[in-house]
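Biologist: Could you give me a close look at one chain of this model, and then step across to its partner? I'd like the connected story, in plain words.

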Amino acid sequence: MKNLFLVLMLCVPTFACAGEAQDLADDPVIEVRMIKLAEKVRCLVCQSEPVSTSHSDWSNDVRAIMRDKMKAGATDQEIMDLLVERFGKSVLFDPPVDKETMPLWLAPFALLFVGLGFLLMQLRKRKTQVMDSTLTAEQSQRAADLLNSKDTQ
Amino acid sequence: MMRFILPLVLFLGLSWFLFQGLGRDTREVPSPLVGKAAPAFVLPTLHDETKKFSPADMQGKVWLLNVWASWCGACKDEHPILMALSKQNLVPIVGLDYKDKRADGEATLAKAGDPYTLTIADADGKVGFDYGVYGVPETYVIDKHGVIAYKLIGAVSSQNLSEKILPLVAQLQAQP
């Protein structure tokens, strides 16, 4: 009885089979093109994930719309423009350099220049603080004696 | 003296900057649609499929377009506020039932109450996409000329209603 149960239990895994995820597009060329484009689009629901890998409902919709538009013959640029028109530039992972995004692009350089200026100022200040002092013959003799002395204590 | 003041000023500046960021919701993306004409569409109403609605029907009125769905949790939070608002008769509220089953949408309104002047059904979410909807609920304030004046992402609260939406509605209603 126990052995029969064991045999039955061992049979269970044979019923387990993983189904392959359905490829949603009928056209694999469009699917590849769509995924490539979707990699450049931010999922607004999950923020740091691209639409290409996100499973959110919104991303599914965006991918479906991309597919439809591609089938209708839209170029990648047209699709991107369509998305930016509705959701703003924040959907782009690589935002364009323009008037609105200029502060973001320039801020690191501005900070670098401020830092460099500050450093230069400090260095110049320090230069004036270091006193030029030449040692007298007596002082240099003493210094040499100290350096040469074998007494290390 | 300068040695103390400069770091202090820098510190306060940075603190202010970071403090500003604290209360900010990064999910709130400024909509590029604000200031533009509300996208045109024709959709059937939720209660009667044969009746159609188009934003052009609201020409000359300031109105709210509230995107909701029966499956949306935050919509239940804003529901009582919308109910109270509808009783005040200040502004027409058009509900857009987004990516929802007709029966589910109707059941929700029948059970919880219907704050909407009119409800339209956007079953496939195409109109929602045109309006840049990515998180329900969302609320649009649309002026007399059909231009989107404001977009709220997330639930209407008594705070953003009294501080932002209602003053804006009053201001737009006063305009010709």
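Modeller: Let's say two residues are in contact if their C-beta atoms, placed from the backbone, lie within 7 Å. In chain B, take the contacts between residues at least 6 apart in sequence: 73% of them join residues at least 24 apart. Keep in mind that this is a predicted model, where local features need pLDDT of at least 70, side-chain atom pairs count only at pLDDT 80 or more, and totals for chains, interfaces and linings use all residues. Residues are numbered from 1 along each chain as its sequence is written, while chains are lettered from A and ligands numbered from 1 in the order in which they are written.

Chain B has five helices and seven strands (DSSP runs, numbered from the N terminus: H or I, at least four residues, for helices; E, at least two, for strands). Reading from the N terminus, the order in chain B is α-β-β-β-α-β-α-β-α-β-β-α. Along the principal axes, the C-alpha atoms of chain B fill a box of roughly 75 × 40 × 30 Å. Of the 176 residues in chain B, 36% are buried (20 or more other C-beta atoms within 10 Å of their own).

Now for the partner. Chain B puts 13 residues into the contact and chain A puts in 11 residues. On the chain B side, six are nonpolar, five polar and two charged (Ala, Val, Leu, Ile, Met, Phe, Trp, Tyr, Cys and Pro are nonpolar; Asp, Glu, Lys and Arg charged; the others, Gly among them, polar).

Key: Buried ≥ 20, exposed ≤ 12 C-beta atoms within 10 Å, placed from the backbone.
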